[in-house]
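The sequence and structure are shown first.

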Amino acid sequence: MRLSNQTISQLPKEVVVPTYDRSNLKTKIVHLGFGAFHRAHQAVFADILATEYNSDWGYCEVNLIGGEKQIEDLKAQDFLFSVCEMSYDNWRTRVVGVAKEALHADVDGITKILAVMTRPEIAIVSITVTEKGYCYLPASASIDTNNLLIKHDIENPTQPKTVPGVIVEALRLRKEMGLKPFTVMSCDNMPENGHVTRNVVLALAKQRDPSLADWIDQNVTFPSTMVDRIVPAVTPETMQKIQKQLGGIEDPAGVAGEPFKQWVIEDNFVAGRPEWQKAGAELVNDVLPYEEMKLRMLNGSHSFFAYLGYLAGYLHIDECMQDPNYVKAARHLMLQEQATTLRVKGVDLQVYADTLLERYRNTGLKHRTWQIAMDGTLKLPQRMLDSIRFHLANQTSFDCLALGVAAWMRYVSGKDDAGNTIDISDPAVDKLTALVLASQDNQERVTALLSLNHVFGEDLSHNQYFIDKVTKAYLSLRDIGAKKTVARLCQSL
Ligand SMILES: NC(=O)c1ccc[n+]([C@@H]2O[C@H](COP(=O)([O-])OP(=O)(O)OC[C@H]3O[C@@H](n4cnc5c(N)ncnc54)[C@H](O)[C@@H]3O)[C@@H](O)[C@H]2O)c1
């Protein structure tokens, strides 16, 4: 039996279910990227508002690339899905009811998606499509015109495939129809995610029609957001636990994440917004200091654990937390090498770091190091390299960050410390493989990987001090492995 309007009354009484009249909800937000994170984060905020404050903000959930099954599952269960909070062995479950519609570009066609995006009442298009969905170059935050999908959208602008392409076409249609635009809100882990989104949308619009780009520039806002809640990819084991929570009812669209959640939003919306602050979000004028804090301290330490952990055979973050040297190094990285680069005010960063480490200890989460290690070429710049630039300019030390970068190089070299082959998932995997195959496993490897200009920029790939530090760490990883290298580093911290 499967979760639906019919079966919801049979759920165990501990499960929180929508008590509001779902038929009163209006589709006012189109969300691109119905992945695990959106379900456990933005959708939960909207569900709290509907439950506790009578909000009528409902969602049309859209996947453009991948995730066909997720949309199919949602349609098959009256747009209901469950979100579990996992705290060690203690689980709490809520069924979220704010999705009203669901569409997939390959199944339903892009025309249907554009038809929803051009309804007058659509006020917000929000996005969680991972960094690669923006088709941008992280070193410059500009659009990647060599991206094949972007080339497609330039040649076929009315049948777009990419996130920027779909937004440009929807806004063009709204302009033509004399409708007000919507706000475009990225909830992906990128610094100044609003700025990146605006850059790619304006660049694509300009290619098409400069007057459209001007209209977007003057009428559309792209608020930045900082989002936080650890929501690991759902495994068959998690799926079984979700089913148990639901008293045996199946929910293939269900997800599970940690209890903690945080959302800081730049308050700049052109067509209204839900009262997210009532559900605990912070609406501020400038999100950047918070984004930097989260990207460098949380995501930066996550990536450090991901590469060094995976190499050492630690498959999950909580296993890294069992190794006192990994904890010591990560705490040093957060407080001495990341916190010192930040401009956020009014946050006790020591408390923030300790809270992060406590969250990582949650054995209920089973957050895979492999998942966090994915797409490193798009993640390293904002998680580690920006801070390294700060230290180079200020002549301060960055041993843990240099080790993190070296561990990424070791990881993309393709073998863990036990000699097992690593399944590397990255949009630049072909290029990475070619560089690895063409270089010897010594300083040559480091030089080869540093030639990735869109990751390291001209500055870092030619900075001898940086090259020497990363090379030394790389050779240590090669010679004595990740665990011993981290232990040795800890002796000097
Ligand atoms: N999961 C987390 O713990 C977490 C925490 C904070 C922020 N985030 C942000 O959310 C993003 C998504 O995470 P998730 O856990 O939902 O991942 P997921 O794999 O469950 O979902 C990814 C979503 O992106 C879409 N997508 C992937 N590539 C795309 C492309 N090229 N173009 C258009 N759509 C594309 C897929 O259809 C899917 O809906 C992360 O990359 C991160 O930026 C996640």
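## Strand pairing around β12

Strand β10, residues 225-228, runs antiparallel to β12, and four bridges join the two. Within this pairing, Thr-225 has Ile-265 of β12 as its bridge partner. The model is a predicted one, and the pairings described here are those found in its coordinates.

On the β13 side the arrangement is parallel: three bridges join β12 to β13, which covers residues 282-284. Here the bridge partner of Ile-265 is Leu-283.

## Burial of β12

How many of the five residues of β12 are buried? Strand β12 spans residues 262-266, and five of its five residues are buried, leaving the strand mostly covered.

In a regular strand, side chains alternate between the two faces of the sheet. In β12, Gln-262, Val-264 and Glu-266 point one way, while Trp-263 and Ile-265 point the other way. The residues of both groups are buried.

## Overall fold

The chain contains 21 helices and 13 strands. Its C-alpha trace spans about 60 × 55 × 45 Å along the principal axes. For 493 residues, a compact globule would have a radius of gyration near 23 Å; the chain has 23 Å and therefore agrees with that expectation.

Of the 493 residues, 59% are buried. Among contacts with a sequence separation of 6 or more, 77% are between residues 24 or more positions apart.

## Surface and charge

The accessible surface of the chain comes to about 19,600 Å², and carbon and sulfur atoms contribute 49% of this area.

## A buried histidine in a loop

His-367 is located in the loop between α14 (349-361) and α15 (369-373). Is His-367 buried or exposed? Its relative accessibility is 10%, and His-367 therefore counts as buried, the cut-off being under 20%.

When residues up to four places away in sequence are set aside, His-367 touches Ile-230, Pro-232, His-302, Leu-315, His-316, Ile-317 and Ile-372. Two of these contacts, His-302 and His-316, are themselves histidines.

## Residues with positive phi

Most residues other than glycine have a negative phi. Glu-192 has a positive phi, near 50°. Glu-192 lies in the loop between β9 (183-186) and α8 (193-208). With a relative accessible area of 33%, Glu-192 is partly exposed.

Asp-375 also has a positive phi, in this case near 55°. Asp-375 is placed in the loop between α15 and α16, the latter covering residues 376-394. Which side of the 20% cut-off does Asp-375 fall on? Its relative accessible area is 3%, so Asp-375 is buried.

## The loop at Gly-66

Gly-66 belongs to the loop between β2 (57-63) and α3 (68-76). The relative accessible area of Gly-66 is 29%, and the residue is therefore partly exposed. Gly-66 and Phe-34 are separated by 32 residues in sequence, and their C-alpha atoms are 9.9 Å apart in space.

Key
Residues are numbered from 1 along each chain as its sequence is written. This is a predicted model: local features need pLDDT of at least 70, side-chain atom pairs count only at pLDDT 80 or more; totals for chains, interfaces and linings use all residues. Side-chain values use heavy atoms; hydrogens and water are left out. The radius of gyration is taken over C-alpha atoms; the globule rule is 2.2 Å times the number of residues to the power 0.38. Buried means under 20% relative accessible area, exposed over 50%, partly exposed in between (1.4 Å probe, protein chains only). Contact means heavy atoms within 4.5 Å. Accessible areas come from the Shrake-Rupley method with a 1.4 Å probe; for residues, only the protein chains shown count as cover. Two strands pair if DSSP finds at least two bridges between them.
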